[in-house]
Structure formats: structure tokens, C-alpha cells
Amino acid sequence: MRLKIAMTMTTVVFAGAAFAATEEQGLESVKAFTLEHNDALIVEAEKMQTAAEDYAALIDANGGDYVAAWAAEPQKLAESVQALRAQWLAASNQYETIEGIVAGIPSTAKYDLILDAGNPGTEAEGVAEFDLTLPDGTVLEKPGSLFHTITEPLFWGTDKDHVKVEADLNGNGSADPGEVLFDANLALGAAQGMVKWAKALRDDMAAWEPNRDDAFTAVVTMTPTVGDYFGEWKESQFLGGDEAAFVAQSRLIDVLGIMGGCQLMYSAAVSPVVATSDAALDSAVTNDFDELIALVSETREREAAGETFSAEEADALGSEAQDIAERIVSQVLQAAAKNGVEIKG
Amino acid sequence: MRILPLLISLIFFAMPLRAETPWGAADAIRSEAGRIERLLYRGQSAARDAEIKDRLQQIATSWEQAAPQFGAERDAVDSALADYDASVRADDQAAAAKSRQLLWAALMAAARVQALAAIDASDAQAASDWLTVRDYARASGDTAAALAVQALGDGTLDAAATHETVEGELLTVAASELRLAISRAKEDAAADHPTQYAGDLGRIEGLAGYLGSNLTDHLGDQGNAQLEQALARAETDPAALSDISTLIAGYSPVRLSPEEKLRRARLLRRFTALVWEEYGNGVRNGEITQPLEYYEARLFRDRAAIILGDLVPQMQDTAQGERLGALLAEMKAKMDAREDGVEPLVAEALAIIEASFGEAVVQGGYEAAVDALPATLDELQLMAQAGDWSGAELKRLEAYSWFDPDIEQRLVPRAPAMTLRIEARFWEGTAARPGLGKLIEDQLPVAEEVAGIKEDVLAARAKIETPVSPIGAALQSAGIVFREGLEAVLIIAALLAALRAEGLQPSRFRAPIAAGLVAALLFSFALWAAARWLFSLSTLAREAIEGGTALLAAAVLTWMVLGLNAGGGHVANFRAKLAGIANPWTVGSLAFLVVFREGFETVLFYEAMLVDASAGSVLIGLVGGGAAALVAGWLILASGRKLPLRLFFRITSVLLSILAVVLVGAGIRGLQTAALISATPVAWFPDRDWLQLWFGLFPVAEPLAAQALTLAILALPWLWRQLPRRSRVGRAS
């Protein structure tokens, strides 16, 4: 499951390169790929909503008393929390597969903030501009992204404000860190929000008219974020950090999804343009994307296998990834200048 | 499910294709060496060693195929490759990291020779291919070399100019990368990262070699000896890095053009400002609250440092350059420790940048505006798409501030109607095509309008950047003064004529009018000078001053017209009171207002014209246009002697009424473009450039309503006279 994204992206990139003979075909294939995974995201989000409804029903059956609910239905509640976490991962992985594309296209970038990357309204920039209405009528104004600000810390117990009671979910005799029952009202409202905004993204993505400027802009905008994500990876609990978010799975899974999206956009939609005017440059960019994806994939493979990284190696991997990403961006900027393409933003 | 074997096999499969060309081989060698370096971090194992061996073989095969095409330069690469191969086979991680960088530098140097030779032979295709074996500008986004080679291929640039541009960019990038490598080496030494440190030293040595005679000529014999000694000492003593920094502190491989220097200075200011913007959002009370912002703050600091490296050698006050470097270093230290105190460092750095590179860095001017406007519009679009409408509105005002005055001043003399059309697109637009202001207010998609404005701005740039002939400049100059001055001349002439028709002596008013004119001109220049040197006058404030002055002038004029037209009979007393307002003081004030309202902007237009037109042509136009406006005024005054008094009085009254209505339209419009009152486009009123330019009639509800109201007020005396007459007629019948 963990490397499905990389597998899918690699397959699609090579398939895209094989079939996208023209820029137009490439752009359409990117759109079709994104819509396909957007549909899958909606399906997984709906399943998450069902799981949240089940969880809320168990709590409601005990008059909203979490302690009583845990005493009455420990097994069902534990299964319910596990189901929510599993659905969160399934939905998140579908989104991560297309995040590099969604966030890179100006007309859909707002959904990346709402679903995955946005800040709460208390921050000055990068705010997810939406309000979340919960089943009890409470309106959370600009609460941050649905995946990483709300649901991930909620489901994995790092959002201390919404922990209701500690619970030995895995039945090992003690409530370990993260083993908690959390606010059912927020869980259900966020899951409903996830479905709503995933559908809204689908509508706007379906309306998107693929074009050259957007394709170049997506690659130039999103590829350099690899360094930021590596930084988050180093800070995450997977490498012994104390970040509240990115506890569900390694940030490298996100990196793979995002960089895979950038690679797909390049190989399918940008490469046909660059190759026409400068085949050598196109070959160099293609090679650099392969190198970047390989670097992240290898690192994730090793992490998944339980290998540890020295501080220098983790730093070197991040620096190398950033260098390759900056090289790609510089090369794409050369191609943009030569082809009169406008990079937005 | 294992992705790694699949990727490796795919990449191996692709390798022979890439290695068929020498530039493809160089690229393959670069990435294989990177893979090997990552493998060397892992613990020794049979699988790892086998993979390293395979990759070394791939490198050897690639080089074997490509080497003959590198010509005489292949020897240097052969040597570097042999060193690299030996260090990897010896499993010496640090030596391998260093020799990897030296190998890449040797490949780049060899490719550069081939690229420049291809350029000299006017073979743009080969030059372009060889140029892929190089480092690129990370922070400044230079693309001049690629575009020069493209121009060579198109036949629009000769080989010598292309050679110079390409060589200049390659050397400039190498110098930037050299500074970055020194900075990274210092960091890696401090963090105790021996392998990365060795790689950094290899990069420094390799880039110093790549810069070759350009650097050695700068350093001189003694400097070169010191550099060699410092490089050797740095192997064991990172303190030697500071000596290297000092040696190359004043080094710039190519003197930047003034335009390029300004572009980099603006980037330096932008990146420096962003450091605090991001850090302030990313770190609170010593904790990282927003990781992405925190990392971006560090990235922007690094970019600022790279750009500063390009600029320092060309700063007149080297002490300021050193201080900037120290400030950036302090920022880095504080950010690494997640400490407070970054903001004052950024503020001091910005002040130094502005003092060192002049106001153009801050104020921007036309070149900055045409660069910044599309980017600002893009940001606006992104904010609107994200549903951040208040942010989008702020961006709209920022975008408008780039258009007016920087672009507008240059465009008005050449295409006044186009200026009005573009300006309207930033605001309410038209009923059929709402502008950005209206779209944002109604929270509607802005992409189409943003694209339209960009197209218009491109068209405007084409007009502005087309060279203007001396005759053209004179005509443009005449057009400005005639258009801006005619209204004032007509008002004053018609008023004098009407006063004379009323039996008042015009000579009483000559001195106050002259005083008003002179005062208005002095105030216009004073305001222009103050806004340039003493304080910042925002676009919106300027529009508000213009709009407010026009409305004040309209009020005074309307009052006077009412006074002059008030009928006799039972309104005689009222008429007498109104007529009393036409005294020298009010007439002088009116003269001041009507000239001052356009005076400041006219000075700005002339300032813009003088950028690309000769002073002589502009002066001829100024005199000619001014004379034409004065002739129009004289015709009005002279016609008073020919026409019957009653008819002439009516004509001047109508003319003054029209001018009052024009002033009201311009005034309300000014307040709308100052964002002080709303603007509602209407479909029923004609959208014509000439109506807007010459009569202040815009297809917008608010100014039209105000103009209708003014017209109604001005018609009151006539209505007043009509009413009793009809009553008498009614009673008689």
C-alpha cells in the first residue's frame, strides 16, 4: 500500500510518455489521471464519512458520554477508530497522488490548501479559506486543512484539545500515546467536509481547460517544494521529531506523490514542448526527474525497511533532492523563456 | 511491489539512449555519481558493492563513447574520472564526494569549450546541446545565454555577441555557485558533516578551476598562491574558508550592466524582505509553528546571500556590502536557533539595500512595473481562486499601483484612450465586461479579466517601447498640454467673457487669475518634488487629490454660473447675492483649482515623456500645444466683441455649465479610482473614448448621476424664469 503511489506514478509517467505524442494529448492525459484519482478520493472520503458516522453513533448511544461508551463498547470503538485511520490513509494517498498537479494549477490550488496544505485562519498566509460546519451546528471559521490540521491529529490523538478519553485501543493493557477516543462531532463534520470539498475539486478539475502556461507553472511551482517536505520529514515523528502532524505515515509518501505529479505533468504535458525546441534539454530534465524520484523512492524503501539514517545522511539526502529540484526548475525556466511561456505567480 | 528494482531497471534501460550523445553522457555520469555517493552512506554489503561496481561501469561506458567528442579537453576529464573511480573503489566516502565534484567541474569546463566553439562557428544547435552540461542560476533565474543562442539560430544575434553573453552567464553562475559552496562548507563543518564538507571543498576547487584565468587574473600571483594554500589548509582546518571568502569578496567575473545590477538588487530586496515575512509566520516563541514557512525563510535567506555575492563586487561602498553579508549571516544564525530578533536585522538590511542601490530598487519605475504587474495579477488570481477575497482586493490595489503611475505616465502621451480603458479594467469595467474591482466585490472568477489586462498591458508596452520620432514627441507633448490645459483656459476665458457681458471690468480679474495660475503651477511642481524626495504619495492619494480638487472647482464654478444666470424680477436680491461671489478672490481661486487639478499629473506625464524623447521636441510641443489652448481662449474672448451681448452671454453660460458638468464627472471618477466611492457601470450610456477624454462622460452610474444633478441645478435659474411666465400665460387665457 505504502508504495502504491510511487508505483502508480511511475507506471503512469512511462505510459504517459509512451502515449502522449503531442502536448494536447499529454495535457488531456494529466487531466484524466487527476480526475480518476479525484473520483477515488471521493469514494474513500465517503467511506471515511461512513466510518465517522459509525463512531459517532456509538458515542451517541451512550448519551455522548465517552467514558461510558468506552466501558460499554470497547471492541467496537477500537475497530471504529482503526477504520477511520485506515480510511484516512486511503483517502490521503489518493489525494497525495494528485497533489502536485492540483496545487500547481492556479485554478485548483485553493483545494490543496483546504484539503491538505492550508493553515488555520490564525496564520498570516497560506490560509485554507473555508469554514467547517459540524453536525451540532458549530461553525469552525477557517480551521486549517482537513487532512493535516484537523483529521490526522484528531484520529491519531495528537490534537490534545479534542481528546475525550484515553483508551487502550490495541488491548495491550495500557493506553499508549495516541490511543484515545476523540470528538465524534468534529470527526463526522470533518469527514463530511472532506467529501464536500473533494467533490468541489472534481467539479473545478473537470472544468479546467488544460493549457501550456498552467503545465509549466505547475512544474516550476511545485518541484522545489521537495526541500521543504524533506525538512518536514526530518522534523516528523518518523525521525524522532515532535511534530503533531505527519504522524499517520511518513512525509516521504507525500513527497513521492507530489514529485510524481510534477514528473507526470512534465513528461506528459511539458516535455512535448521542450523536446521540440531543445531535445537535449528535455532529455536532461527527464533524467533529473528520474533521479529525484529514485532518490525519494530509495529513501522511503529504506525507511520502510526500518533502516536508520545518520543526521548527516538525512541532511545530505535533503540537500541533494533540493539541488536536483532547483536544477529541474532552472532548466524548465530556460525552456519557458525559449518558448515564450509565462510562469504564473 | 518493490519499486526500487523496477526503477533501476528502467533507468538502466534508458541509459544507452541518453549516453548516445556527449551531453547525455555527461548528464548520465553526473547522476550516476550522485547515486554512488548516496550508496556510500550505507553500510558496506555485497549488494551495495555490486551496485556501485555496476554504476562505475556505466560511467566508464558512457565516457568511453562520449570522450572523443570532447576534443582536447577530454584529458582533464579522463584524469578527474580516474581519481573518482579510485576513490570510490577504495570506499573512501569523503574522497569520493570531493572527486565527484571535481569530475563534474571538469565535464562542465570541457563542455563550455565545445559550446563556445559551436557559437563561434554559428552552430546554434550544437551550442544549445553542449550548454545543457552546466550549472544554472538558482536565485536570479538567468536565461540570457539560452535566449542568445536561440537568437543566434534565428539570425538575430551575431556569433561574437552570443559568445560574450553565454560566457558571461556561465562565469557569473559559477562565481555564485562558488560562494554558495563556501557557505555550505562552513555550515557542514559546523554541523560535523565530513562527507558533505569534503564534497563542498571539491566543489570549491572545481569551480575555481572552471573560472580559470578569469579568477586568476583577478587574484594576481599572490592571491592565487593564497587561494591554493587556503584550499589545502581547509582540508583540515575549516577556518581557512574565511580566507577564501575574503580572497574572492571583490570578485565579479563579468561587470553587470546597470539594468542587470538593478534587477539583481530588486531580487535581493525581495528575498531579504521575504525572510522576515516567512520567518515571522513560521516561528513563534522559539517553536516552529509552520514548518514550510520556516524552511522558506531559510531558503530566501540563502537566495539573498547568493544574489548579494553577485552584487558586492560592484557596490561602491564595500563596507555596506560587508555589513549586508554580516546581517544575512546573523539572520541565518538566529533562524537556525529559532530565535527572535530577525526582524531588526531584516529592517537594517533593507535600509542598506535601498541606500546602496538607490530609490529605483524601492520605487520600481516603469521596468519594475512591467515586471511586477503580471506577477501581482497572478497572485491576485490565486487569492481569488482560494476564496481569499479580501487578499485579492489588496492585490488588486497593489496591481493598480503598478499600473498608475509607472505605466500610465508613459502611456498617456502615446495612447490616452487606451490608458482609460485599461484603468477601467482594474475598477468597475463596463456593464458588459465587469472589471477586477467589480468581480472581486461580487466574488466572481477573475481569470479572464486578469488575462485581458495582461494582454492590454502587453499592447501598452508595445506602444510605449516603440521609439518615438522628434516630430512624434512634439505632437505628443502638444497633445498633453492642449488636452490638460484647454479645460482651464476655456473656463477662465468664458468666465471673463461672461463677467464682461455682465458689465464687470475684466481688468479687475487679470491679476488674481495670473496669481492663481502661477500659484497652481508652483504648487504642482512643489507637490511633484515633495512626492519625489520628501514623502510617498500613493496612487490612491493622488487620485483623491485630483478628484477632490475637481469637485471643489466644479462647486465654485457652478455657484458662479448660478449667480451670473439668476434672473431679475422678484429674484433680484438673490441674484445680487450670487453675483457678488464673482469677485477677484473667487475667480483667482477658481483659476488655481482648475490648473492645479491637472497640474501635478501633467508634470508627471512630462517627466515620463522626457525618458525617451528629446527635451527640444518636448519643449516645442509644450509651446505649440499651450499656444493652441490659448488661441481657443482668445477666440472666446474675441467673439464677445462680435456677437450680440445677450447671445454671447447665453453661449458662455452654456459653455461654463458644460465645463462644470465635465469637472463633476472627472471629480467623481477621481474619487472612484481612489476607492472612496463605489462605481456601477451602466449599459445604456455610450462607452466612447472621446466622450470620456474630452467631456468626462463615463458609462458609470455615480458620475452620471452627479452630472445630471449638476445640470439640474444649473438649469434652475432658467426654470425659475420659465415658471412665472407660464403662470401669467395661464391666467390671461
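Ser140(B) sits in the loop between α6 and α7 of chain B. Helices here are DSSP runs of H or I with at least four residues, strands are E runs of at least two, and both are numbered from the N terminus. The model is predicted: local features need pLDDT of at least 70, side-chain atom pairs count only at pLDDT 80 or more, and totals for chains, interfaces and linings use all residues. Residues are numbered from 1 along each chain as its sequence is written, while chains are lettered from A and ligands numbered from 1 in the order in which they are written.

Is Ser140(B) buried or exposed? Ser140(B) counts as buried because it has 20 C-beta neighbours inside 10 Å. The cut-offs are 20 or more other C-beta atoms within 10 Å for buried, 12 or fewer for exposed, and partly exposed in between, with C-beta atoms placed from the backbone. Leaving out residues up to four places away in sequence, Ser140(B) touches Arg264(B), Leu267(B) and Ile307(B). A contact needs C-beta atoms, placed from the backbone, within 7 Å. Arg303(B) lies 163 residues from Ser140(B) in sequence, yet their C-alpha atoms are 8.4 Å apart.

## The two chains

Chain B has 733 residues, and 47% of them count as buried. Its secondary structure comes to 29 helices and 2 strands. Among its contacts with a separation of 6 or more, 72% join residues 24 or more positions apart.

Chain A has 345 residues, of which 58% are buried. It holds 12 helices and 4 strands. Here 74% of the contacts with a separation of 6 or more link residues 24 or more positions apart.

## Where the chains meet

The interface brings 46 residues of chain B into contact with 49 residues of chain A. On the chain B side, α1 (3-18), α2 (22-40), α6 (124-130), α7 (144-154), α9 (194-234), α12 (291-311) and α16 (365-385) each supply at least two residues. That side divides into 20 nonpolar, 17 polar and 9 charged residues. Nonpolar covers Ala, Val, Leu, Ile, Met, Phe, Trp, Tyr, Cys and Pro; charged covers Asp, Glu, Lys and Arg; the others, Gly among them, are polar.

α2(B) has 19 residues and spans 27 Å from its first C-alpha to its last. This is close to the expected 27 Å at 1.5 Å a residue, where the expectation is 1.5 Å times one less than the number of residues. Of the 19 residues, 16 are buried, so α2(B) is largely enclosed by the rest of the structure.

Helix α11 (residues 279-304) of chain A packs on α2(B) at about 10°, with axes 10 Å apart. Axes are lines fitted to C-alpha atoms, for helices over the stretch in contact, and angles run from 0 to 180 degrees between N-to-C directions. The pair is therefore roughly parallel. Angles under 35 degrees count as roughly parallel, over 145 as roughly antiparallel, 65 to 115 as roughly perpendicular and the rest as oblique. α11(A) residues in the contact include Ala280(A), Glu291(A) and Leu295(A); those of α2(B) include Trp23(B), Asp27(B) and Arg38(B). By class, the contact has 4 nonpolar, 5 polar and 3 charged residues.

## A helix pair inside chain A

In chain A, helix α6 (residues 146-155) and helix α7 (residues 184-207) pack at about 150°, with axes 10 Å apart. That angle makes α6(A) roughly antiparallel to α7(A). Leu146(A), Ile150(A), Thr151(A) and Leu154(A) of α6(A) meet residues of α7(A) including Leu186(A), Gly193(A) and Trp197(A).

Notes
Contact = placed C-beta atoms within 7 Å.
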